[in-house]
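Hi,

Here is the structure I said I would pass on.

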Amino acid sequence: MLFQKRLRALRKEKNETQVQVADAIGTRDRHYQRFEAGQNLPSCAYLSALADHFGVSIDFLVGRTDLRDPPPPRTLETERLRLRPFRDEDAADVFAYAQNPAVGPVAGWPPHNSESESLEIIRTVFSEPGVFAMELKETGRVIGSVGFVGGHPEGLRPDCPDDELGYALSQDHWGRGLTTEAARAVLRYGFEVLKLHVIWCGHYEGNRRSRRVVEKLGFQYRFQRETDVPLMGERRLTHFYTLTKEDWRGQLSSTGAGR
């Protein structure tokens, strides 16, 4: 398995024994040997400790990408949108849509109270390499966000490279198919560039718009469960869906979009 090969290669690069690595990440030698032998994947805490110790990303360790570092920021083009990394100067546009109580709470986050709060979100949450600003070509304004949010819900094939798709769109542009258009480009990016095998998506009970998006994208319903919504201080019933690389390729073949 790729994970075990990378562990062994990294240990050899640093000229360390299994015992030394086990001590450095705070687990017993015997436990680390099981990781390296391919008997199981380490917990999230051990994965994080291993990544810190070897100076690589968790994505690299588990095989989500062929690169040690996240891929460089890039721009994706669709018919109506330019998907690009967020910039500080987008704060006014983000605040314009994120202050609307119809946008955030249904997705699990409270409305923004100021441009400075939106700027902080840009510099933290939106700074991840898999997150894109949705810039409307006809106006040059940022009208939403789309990308990978780092969620890995338990369920179908939990041991393979995966990530969770997330998105938000200004209410002024609802009903135009823009979220679906943006998400299709990001799915291609996820499967072809990030080398994901499964992409997750979820929505809270009652979020009909989000449900329609995931259905149009071809996601398959998997399970539901109660989850914490920390930013809202509550629990909600959450519905989870997946799209595998194989199913995505099948969609491309059937529509001719892959040619």
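The chain has 10 helices and 8 strands; both are DSSP runs numbered from the N terminus, with helices being H or I over at least four residues and strands being E over at least two. Bear in mind that this is a predicted model, in which local features need pLDDT of at least 70 and side-chain atom pairs count only at pLDDT 80 or more, while totals for chains, interfaces and linings use all residues. Residues are numbered from 1 along each chain as its sequence is written, and side-chain values use heavy atoms, with hydrogens and water left out.

Some overall numbers to begin with. Of the 259 residues in the chain, 46% are buried (buried is under 20% relative accessible area, exposed is over 50%, and partly exposed is in between, with a 1.4 Å probe and protein chains only). If you take the contacts with a separation of 6 or more, 64% of them are between residues 24 or more positions apart; contact here means heavy atoms within 4.5 Å.

Now the sheet. The 8 strands form an open sheet with mixed pairing, in the order S1-S2-S3-S4-S5-S6-S8-S7, where two strands pair if DSSP finds at least two bridges between them. Its edges are S1 (76-77) and S7 (220-229), each of which pairs on one side only. S1 runs antiparallel to S2 (residues 81-84), and 2 bridges join them. In that pair, Glu-77 sits opposite Arg-82 of S2.

On to the helix packing. H2 (residues 18-25) and H4 (residues 44-54) have axes that come within 9 Å and cross at roughly 115°; the axes are lines fitted to C-alpha atoms over the stretch in contact, and angles run from 0 to 180 degrees between N-to-C directions. That makes H2 roughly perpendicular to H4, since 65 to 115 degrees counts as roughly perpendicular, under 35 as roughly parallel, over 145 as roughly antiparallel and the rest as oblique. From H2, the contact uses Val-21, Ala-24 and Ile-25, and from H4 it uses Tyr-46, Ala-49, Leu-50, His-53 and Phe-54. By class that gives 7 nonpolar, 1 polar and no charged residues (nonpolar being Ala, Val, Leu, Ile, Met, Phe, Trp, Tyr, Cys and Pro; charged being Asp, Glu, Lys and Arg; polar being the others, Gly among them).

Ala-91 counts as buried at 8% relative accessibility, and beyond its neighbours within four places in sequence it is in contact with Glu-115, Ser-118, Leu-119 and Ile-122.

One backbone detail to finish. Lys-195 has a phi near 60°, a positive value in a residue other than glycine. Lys-195 lies in the loop between helix H8 (178-192) and strand S6 (198-204), and is partly exposed, with a relative accessible area of 34%.

Cheers
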